[in-house]
Amino acid sequence: MTKNNSVHPRNGMDVDSFREDIVQHLRYTLAKDKYSTTAWDSYKSVVLSVMDRLHDKWIDTQQGYYLNDAKRVYYISMEYLIGRLLDNMLVNLGLQDVAAEAMQELGLDYEEIRSVEWDAGLGNGGLGRLAACFLDSMATLGIPAIGYGIRYDFGIFYQSIENGFQIEKPDLWLRYGNPWDVIRPKTQYNVPFYGHSHAYHDEDGTLRFKWENTHDVLAVAYDIPIPGYKNNIVNNLRLWKASSSSSIDLKSFNQGQYIDAVRDTQLNENISRVLYPNDKIFVGQELRLKQEFFLVAASMQDILRRFRKTNNDWRKLPEKISIQCNDTHPNLAIPELMRVLVDEEGLEWDLAWGITEKTMAYTNHTILPEALEKWPVSLLRNLLPRHLQIIYEINRRFLHDIKIKIGDDRGKISRMSIVGEGENPVVHMAHLGIVGSHKINGVAAMHSELIKKTLFRDFYEMYPERFTNKTNGITPRRWLRQCNRELADLITEKIGEGWVTDLDQIRNIEQFADDAEFMDRFVKIKQSNKQLLADYIEEKQEIRLDLNSMFDIQIKRIHEYKRQLMLTLYAIAKYNQIKANPDLEVVPRTIILAGKAAPGYTMAKLFIKLMNDVALKINNDTDVNGKLKFLFLENYSVTLAEKMIPAADLSEQISTAGFEASGTGNMKFALNGALTIGTLDGANVEINEEVGDENIFIFGNTVEDVEQMRHEGYNPLEYYEANEDLKNALDQIRDGFFNEDKNLYQPIIESLLHKGDYFLVLADFEAYVNKQGEVDKLFKNKNEWFRKALLNTARVGKFSSDRTIRDYAEEIWGVEVNQ
C-alpha cells in the first residue's frame, strides 16, 4: 500500500504537519474552501491545529497527576485577564516560528491572523493579570494546579472615547465563540441559593443542619489548556458558565406565557453574564454575591470529587489539596467547606475546622479599608442562610478564643469580629479569610508590612505565624519573550535561553553594558518598538510621533491614588513653559496614557475627559509641535500593553505612598528597558533595591511622611499658592482654558483645593517636577540613558512570577516544584 505523504500526524511539530493540519481543519472541521474562508476561519483553523498539539500533553499531564496521587493546588479567582492566547500557546510549545512559516506557505500573514483574536478580558486589571501570570508559572514549574474562574459572557467593557468622555460598550469576546476552550457538558454541578436551614437530630442525637428548599443553578465547566514552557506539562483553567438546572416550564409555554417560561432560565444564566467592574469602593450587590458563591460552590464540588477518587479519609485533605483564594472574593470557600464537612460528611466541628484552616490560604490585595468586601447580614440570610449560620458559629468560637488570649478588651473584640455590629451588621470577608486560613500573604514587602501594622494589626498580634509576604511577579514568557521578540532574541544570542525559565540568569547581560555593538542593537530595538507603537497611534489618532522624543508612559486603571492627574498637571506646566519661552531648548517628550475607569467612578471618568481635552489643546498647538505631545489611548487591554511596554523610555509609577499594594506594570516596564519615575510605594521599593538608586528616579513623600502630614494637618492651598506653575495649571483647568464649560472640572478643583487633596497631588508636585528635570537631563545623554535602561532589564530577575510561585509552593502550599 502506497503511503499517503499528504497525511501528517496531528501532533507533528514540523512545518509540514502544522501546515497540513490547518488545511484539514479548514475543510473538514469548518467546511470552508478558499472561496468562502474568512480571516476568522483561518485564525480558528490555526487555533485548532495548536489545540491538536496540546491535547495529548493535556491528557497525559492530568493522568500523571492522578496516577501519582499528587497534592494539587486550586487557585480560585474571580478574574483572569488572559488577553490573547495564540502567541502565548505557540511560545510555550516552542512552535511560534514553525506556525509562522506554515501560515506563510498558505499565504496567511502571522500578524494578521493573531490580530483576529479578541482579548479575553475576564478581569479588571492587576488582580486578573496576576492570576494569568501565575497559571503560566505553575504550568512551567510543573505544579499540579487548576485555576477556577467564571466564563463571563461579557468581560471588562470596551472603552470608547467620544468627545473626550469614556463610553462603556459591551465586550464581545465571545461573539464567534472561543476556540481555545473545551466544554465539559458532563462536568456540571448544582449550586443552591435561598431556601432555609433545617435543624434536626441524627440517630446519635447530634444536632445537625440541612439546607433545604433551595433554588438551584447549574454550573457547566469550560476548560482552557495552560501549557508550561517547553516541558510537556499542560495544566487547566476551568471556567464555570451558569445555566438553568431545569428546562423551561412547558405548561407556562403552552399557555402562551413564553416570557414566564424562559424567565428563570435567563435569570440563572445572568450569574455568569458580566464581569463586575472594579469600583472605587466596595458596593454590595446581590448578583456579585451570587457570582462569588457560584464560583466557590462549583469549584469546591469539583475539588472534593477529585479528592474522593483516591481518598476516603477527610483528615488527609490538607495533605492532598491546597486552596488559594485570590483576594476576598472566594473566601466563602471557608464556610462552604465547613458546610460540606459538617452537614454532608458528618464530621465534628473541631475536626472539620482544623481541616479547613490547614487547607485554605488567602491573598490580600489592598490596603484601602473601604475596598474590602463587607456583605450585609440581611443579604446573606436570604441568599445563603446556612452559610450565615456557619459564619456566626465561626465568629462565636473565634471571639471566645480572643477573650481567652487577650481578656475582655471590648475595643479589640469589636474590631476583630467577623460580623460587624450595629443596626445593619455586615460580614467582613477579609476577617473571615484571616480566621479561616493557615496563611495570609501580602503582595509586596511594603504592603505586607503595612497590613501587619495597620489594616490587620490586631490579627497579626494574635496570629503572627500566619502572615507572610509573596512579592508579585510577571511571566517572562509573555512580558519579554512574546511581547519583545527582538530583545528576547538578542538576550538569548548572548547568554542562552535559560533566562526564559530562570529570570535570575538575565543578570548575565549586564556584562554587555559597555559593549558598543550590543548597546547599538539594544537601542535600535527600542527604536523599532517605538516605531510599532507610533504606527498604531498614527492609524488610530492620525497623530505622527517623533521617535527621538522620550516616550513617557503611564498605563493603569484610572484612580485618584494612581495619580494620572499629577502627570496631566505636569504636562500642562510643560506646555505653559514652552508657550512662555518659544526659543527654550527642551527635551522632546511624548506623554502617553491609557486605562479604564470603573463605570461608577465619576471622578476617574472626569480625569479621562480632562486628559483628552489637554491632549486636544497640546497636540493642535503648532508652538509646541516637535517638543511636546500628550495622548490618551482608548480601550487599554493586555494586547495594547504588549505594544506600549516595549516602546517606553520612561515608566510612570507615581501612586501616593502607601496605597499601591504592589503593581506589576512597574516590573514589565523595567524588564523591557524603561527607566522608572516613581514613589516609594508597592513593589517600587523592591525594584529600587534591585536596580540601584542611580538607575531609578524616586521622588515624593514616603509612607511615614504621608502619615505625619495627615497627623499635623495638610493644607493643599499652601502648595497651590507657593508654586506658580501648579497654580497656573489649576487655574487654567478651573477657568475654562481646556473646556469652555467652566463648571465641568469644578469637582477636580474642589477635591484638590477645598476637600483636602487626600492623595497629596499638590504636596508631591514640586518634587515630581524636579525629578522630571533630572529625567530630561539624563535623556540628553543617550549613551548613559540606555546603559541604565539595560541595567534595569538585567537586574529585575527577582520579579519573575516563577519566583513568586516557588515561594507559594514551598511556604504556603507544601507542593514540590518539578522543573
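The model is predicted; local features need pLDDT of at least 70, side-chain atom pairs count only at pLDDT 80 or more, and totals for chains, interfaces and linings use all residues. Residues are numbered from 1 along each chain as its sequence is written, and side-chain values use heavy atoms, with hydrogens and water left out. Helices are DSSP runs (H or I, at least four residues), numbered from the N terminus.

**Asn395**
- Asn395 sits in helix α14, residues 385-406.
- Asn395 counts as buried because its relative accessibility is 5%. Buried means under 20% relative accessible area, exposed over 50%, and partly exposed in between (1.4 Å probe, protein chains only).
- The side chains of Asn395 and Ser417 make a polar contact of 3.0 Å. A polar contact is a pair of N or O atoms within 3.5 Å; within protein, one must be able to donate a hydrogen and the other to accept it, and residues adjacent in sequence count only if both atoms are side-chain atoms.
- A polar atom of the Asn395 side chain also lies 2.8 Å from the backbone nitrogen of Ile418.
- Leaving out residues up to four places away in sequence, Asn395 touches Ser417, Ile418 and Val419. Contact means heavy atoms within 4.5 Å.

**Ala604**
- Ala604 belongs to helix α23, residues 602-619.
- Ala604 is buried, because its relative accessibility is 0%.
- Ala604 touches Ile558 and Ala597, not counting residues up to four places away in sequence.
- Ala604 and Leu790 are 186 residues apart in sequence and 35 Å apart in space, C-alpha to C-alpha.

**Helix α23 with helix α30**
- The axes of α23 and α30 (residues 746-754) come within 10 Å and cross at roughly 115°. Axes are lines fitted to C-alpha atoms, for helices over the stretch in contact, and angles run from 0 to 180 degrees between N-to-C directions.
- α23 is therefore roughly perpendicular to α30. Angles of 65 to 115 degrees count as roughly perpendicular, under 35 as roughly parallel, over 145 as roughly antiparallel, and the rest as oblique.
- Met603, Leu606, Phe607 and Leu610 of α23 meet Pro747, Ile748 and Ser751 of α30.

**Helix α22 with helix α31**
- Helix α22 (residues 564-580) packs against helix α31 (residues 761-780) at about 60°, with axes 10 Å apart.
- The angle makes α22 and α31 oblique to each other.
- On α22, the contact includes Met566, Leu567 and Tyr570. On α31, Phe765, Tyr768 and Asp776 are among the residues that take part.

Conventions
Helices (H or I, at least four residues) and strands (E, at least two) are DSSP runs, numbered from the N terminus.
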